[in-house]
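Colleague: Could you take one part of this model and walk me through it closely? After that, I'd like to hear how the rest looks around it.

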Amino acid sequence: MQGRNLLFAVSFVLLVLMPGHAQQAGMGGIASGAAATPEYDAQHRPITAGGFVDKGTVMFEDITKQAGLSGWRHKMGSPEKNFIVETNGSGVCLLDYDNDGWLDIYLVNGSTFDALDGKEEPPHAALFHNNHDGTFTNVAIPAGVANDRWGYGCSVADYDNDGWPDLFVGNYGKNRLYHNNHNGTFTDVAEKAGVQLGNWSTGSAWGDYDGDGLLDLYVSGYVHFDRNNLPVGGSKAVGYAFCQYRGVAVNCGPRGLEGEPDHLFHNNGDGTFTDVTAKAGVEDKNRYYGFTAIFVDLDGDGRPDLVVGNDSEPNFLYMNKGDGTFEDDSYLSGFALNADGREIASMGIAVGDYENNGLLDFFVTDFGDDYKVLFHNDGDASFTDVSYRAGVAQPTIPFVGWGDGFFDFDNDGWLDLFMVNGHVYPQVDQHPWGTSFAERPLYFRNVPDPHGKGRKFEYVPPVVGSGLADVIPARGAAFGDLFNDGKIDVVINPVDGPPVLLRDVSPDHHHWVELKLVGGVNPKTGRKSPRDATCATAYLTANGMRQRRDVLASGSYIGANDRRLHFGLGDATDPGTVEIHWPSGAKETIKLPAVDLIYTITEGKGITGALCGGSPCAAPPAEKKQ
């Protein structure tokens, strides 16, 4: 993930190790491609902080200040970024923690060595409550989720099936499992549950891998960071190597540093978890540098599979065998490496069916000097790197990518692509390398391939003054309908700064529907789905196309998006028919009665509620079961 090229030099300068791209091979650092030719715009600004146009369609508006988010700041270590622990930044999670039908925002915060040592007040995470009027209020401290530890990732799931979303936070130090108390507050139960671990946890994922109706937890480990043996260039901790990027001294890692293992925890149903990593066949024996992890059903067998993005090491893809174990198909599937046969510095993972063929594809962000990878699902959970063919390779090379998402921002029925960016080395601002520490986001519109080869992505240039022209050192990003208006908004958690809220102001007038799924019991087998329907899949047939969406507890860069399923309908006024594949194995087909509504669908009961203009409908629309 981190785009850090640590060029380890032992008697000469080896290439930098940078997460996110396989820089030149070396004795440590980050994986990235060969140093790219510097690219500047007409004003001689690095393309990562320039390339703006005066006119064009404005898709996103920065409303951070108006929404009340600008007063909170992320903080992670020192501005100089002397150590890798200070550079990765943190994720962001969207969740409706108080079950009022409106998404709230959880922003993980970092820390400093002085705070860990009790010499200064630790930075606090933020929980921004949605006020239903376009503004948010930070309630993290009264809610009990301020997390005074060094935070990185988060994920959202109702692990005890009580109908309220809980929150897992991965830290450098002990992790948090915040149990929702149903009254606007949370209690940290990580130690009681047995999932606190201890050194450096980044990503996390939830899924019922064994079909018992209870959500299990996977936690990815990054680097084993020892403050008593700091990874300083030229020291014993890094094998006496000098950590450099393009000949300039930078912080060391991840390559050359000891990794931290991943863990799979089985939910015992009594508030505790058991570590079953080795037993289940997902042991990270080589201790790769793990970032984003996601449970999702890739082969349609109703069992969640597991994908993990590793920084500067091969990615993992574990297929669920249905007997409580997984098969490691990382290389066989084609997901481990890019088309050049290189590992990349995988940070964020977007999951979506961008061709509307019923198969899930992956977009994985990477370090600078390397293209970001679009893995096309060829069927049977086999993947091909189609980045250049699809149009997302060349424009992304200068950028260090982090959070990303496949979402239909213009409601035309096709998933678009969004990614946020930011370098890990502040030193880049002092050199003519055509890159910058703060970088702008990238947005690609899903369009037909002019050569008739399916779909591709069209780069949309940033209009001056619009949200796409924001130049920030971004890290986490989460995507969701924050205003219940059928538009997908973006919340960005940068390193060392205030968050950014980009509101989707696309001028289209297309229709849409959203689905909140609630799990129940399969009447034929008695098997239960998790109550929050994690890993359920829905297929909507409408407007002459069949779209797929999945309920996921994690994604983007070590964060979590809106769990509700969003479908754009174009100009169609018939919302169509949805076929839901529940985790219990049950399948239901429901005719939706009206467009532009947010439906609640409960397994076995059909439509049990709806939001009209953000408020409960006077009478829930009646559906017809098929």
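Predicted model: local features only at pLDDT ≥ 70, side-chain atom pairs only at ≥ 80, totals over all residues.

Modeller: Strands here are DSSP runs of E, at least two residues long, and helices are runs of H or I, at least four, all numbered from the N terminus; two strands pair if DSSP finds at least two bridges between them.

Residues are numbered from 1 along each chain as its sequence is written, and side-chain values use heavy atoms, with hydrogens and water left out.

Now the sheet in the order 21-22-23-24, which is also open, with 4 strands and antiparallel pairing. Strand 21 (349-352) and strand 24 (382-385) each have a single partner strand, so one side of each is left without a neighbour in the sheet. Strand 23 (residues 373-379) and strand 24 are joined by 4 bridges, and Gly379 has Ser382 of strand 24 as its bridge partner.

Strand 11 (residues 201-207) is mostly covered, with 7 of its 7 residues buried; buried means under 20% relative accessible area and exposed over 50%, with partly exposed in between (1.4 Å probe, protein chains only). Strand 11 pairs with strand 12 (residues 216-221) over 5 bridges, in the antiparallel sense, and there Ser204 is partnered with Val219.

Two loop residues are worth a stop. Asn109, in the loop between strand 4 (104-107) and helix 2 (113-116), is buried, with a relative accessible area of 2%. A polar atom of the Asn109 side chain lies 2.8 Å from the backbone oxygen of His124. Leaving aside neighbours within four places in sequence, the contacts of Asn109 (heavy atoms within 4.5 Å) include Trp72, His74, Ser90, Pro123 and Trp150. Lys524, by contrast, is found in the loop between strand 32 (511-518) and strand 33 (537-542) and counts as exposed at 81% relative accessibility. The C-alpha atoms of Lys524 and Ala586 are separated by 8.0 Å, with the two residues 62 apart along the chain.

As for the whole, the protein chain has 7 helices and 41 strands. The C-alpha atoms fill a box of roughly 75 × 55 × 45 Å, taken along the principal axes. Of the 626 residues, 66% are buried. Among contacts between residues at least 6 apart in sequence, 60% join residues at least 24 apart.

How values were computed
Polar contact = N/O pair within 3.5 Å; in protein donor to acceptor, adjacent residues only side chain to side chain.
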